[in-house]
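Please look through the model below before reading on. The paragraphs that follow take up its charged pairs, its pocket, its surface and its backbone in turn.

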Amino acid sequence: MNNYVIITDSCCDLPQRLASEMALSVINLSVLVGDKSYVNHLDWRDISGGAFYDLLRDKNASSTSAPSIGDFVQIMEPLLNEGKDILYLGFSSALSSTYSTGALAAQELMEQYPGRKIVVVDSLR
């Protein structure tokens, strides 16, 4: 593997400081609580952890939204253009479609960039 970048998603349970220190690229998931959508940033900039859990305790309906293939391509393709390989550590396939969407994006990009490697790991395993 050449120089590589580790990509993970915002369900990785890491603080932003550590993700920055490790030079991780992070793809953000979204959460819908009530009728409002929030982006799940590692630094909780859209909604604090306390406010999020308060909304859940108040019995607001909630659901999550996985990133699209386009979201993955938007993060992965510039790295491939820089000549970097990618290690994607995905959110458990038992809990979300995020891993499978990332795997589909990786497959699509590997066809376009045959000289690059994209290794996709399901954190379920």
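In this predicted model, Asp85 and Arg116 are joined by a salt bridge, with the closest N and O atoms 3.0 Å apart. Asp85 belongs to strand 6 (residues 85-90), while Arg116 sits in the loop between helix 4 (98-112) and strand 7 (118-122), so the pair ties together parts that are 31 residues apart in sequence. Are the two partners buried or exposed? Both Asp85 and Arg116 are buried.

Side chains of opposite charge can pair when their charged atoms come close. The structure has five salt bridges. One of them links Asp43 to Arg45, where the closest N and O atoms are 3.1 Å apart. Here Asp43 is partly exposed, with a relative accessible area of 36%, and Arg45 is exposed, at 54%. Another salt bridge brings together the side chains of Glu82 and Lys84, at 3.5 Å from N to O. Glu82 has a relative accessibility of 53% and counts as exposed because the cut-off for that class is over 50%. Lys84 has a relative accessible area of 26% and is partly exposed.

The wider layout can now be set out. The protein chain contains four helices and seven strands. Read from the N terminus, their order is β-α-β-β-β-α-β-α-β-α-β. The C-alpha trace spans about 50 × 30 × 25 Å along its principal axes. Of the 125 residues in the protein chain, 33% are buried.

Next comes the empty space. Rolling a probe the size of a water molecule over the atoms shows where empty space is left. The largest pocket has a volume of about 430 Å³. Which residues lie nearest the centre of this pocket? They are Ser10, Cys11, Asn40, Trp44 and Phe52, out of 19 residues that line the largest pocket. Strand 3 (29-33), strand 4 (36-40) and helix 2 (49-57) are the elements that give two or more residues to this lining. By residue type, the lining of the largest pocket divides into 13 nonpolar, five polar and one charged.

Trp44, one of the residues nearest the pocket centre, is found in the loop between strand 4 and helix 2. What is the phi of Trp44? The angle is near 60°, a positive value in a residue other than glycine. Most residues other than glycine have a negative phi, and most peptide bonds are trans. Trp44 is partly exposed, with a relative accessible area of 38%.

Ala23 also has a positive phi, near 55°, and is likewise a residue other than glycine. Ala23 lies in the loop between helix 1 (16-21) and strand 2 (25-27). With a relative accessible area of 55%, Ala23 is exposed.

The surface also carries a nonpolar patch, formed by Leu89, Val119 and Val121. Together these residues have about 190 Å² of accessible area. Val121 is part of strand 7.

How values were computed: Residues are numbered from 1 along each chain as its sequence is written. This is a predicted model: local features need pLDDT of at least 70, side-chain atom pairs count only at pLDDT 80 or more; totals for chains, interfaces and linings use all residues. Side-chain values use heavy atoms; hydrogens and water are left out. A salt bridge is a side-chain nitrogen of Lys or Arg within 4 Å of a carboxyl oxygen of Asp or Glu. Buried means under 20% relative accessible area, exposed over 50%, partly exposed in between (1.4 Å probe, protein chains only). On a 1 Å grid over the protein atoms alone, a cavity is a set of points where a 1.4 Å probe fits but cannot get out, and a pocket is an open set with protein on both sides within 12 Å along at least five of seven lines; lining residues have an atom within 4 Å of a point. Grid points are joined across faces, edges and corners, and a volume is the space filled by probe spheres set on the points. Ala, Val, Leu, Ile, Met, Phe, Trp, Tyr, Cys and Pro count as nonpolar, Asp, Glu, Lys and Arg as charged, and the others, Gly among them, as polar. Patches are made of residues with over 30% relative accessible area and no salt bridge: like charges are joined within 9 Å, nonpolar side chains (Val, Leu, Ile, Met, Phe, Trp, Tyr) within 5 Å. Accessible areas come from the Shrake-Rupley method with a 1.4 Å probe; for residues, only the protein chains shown count as cover.
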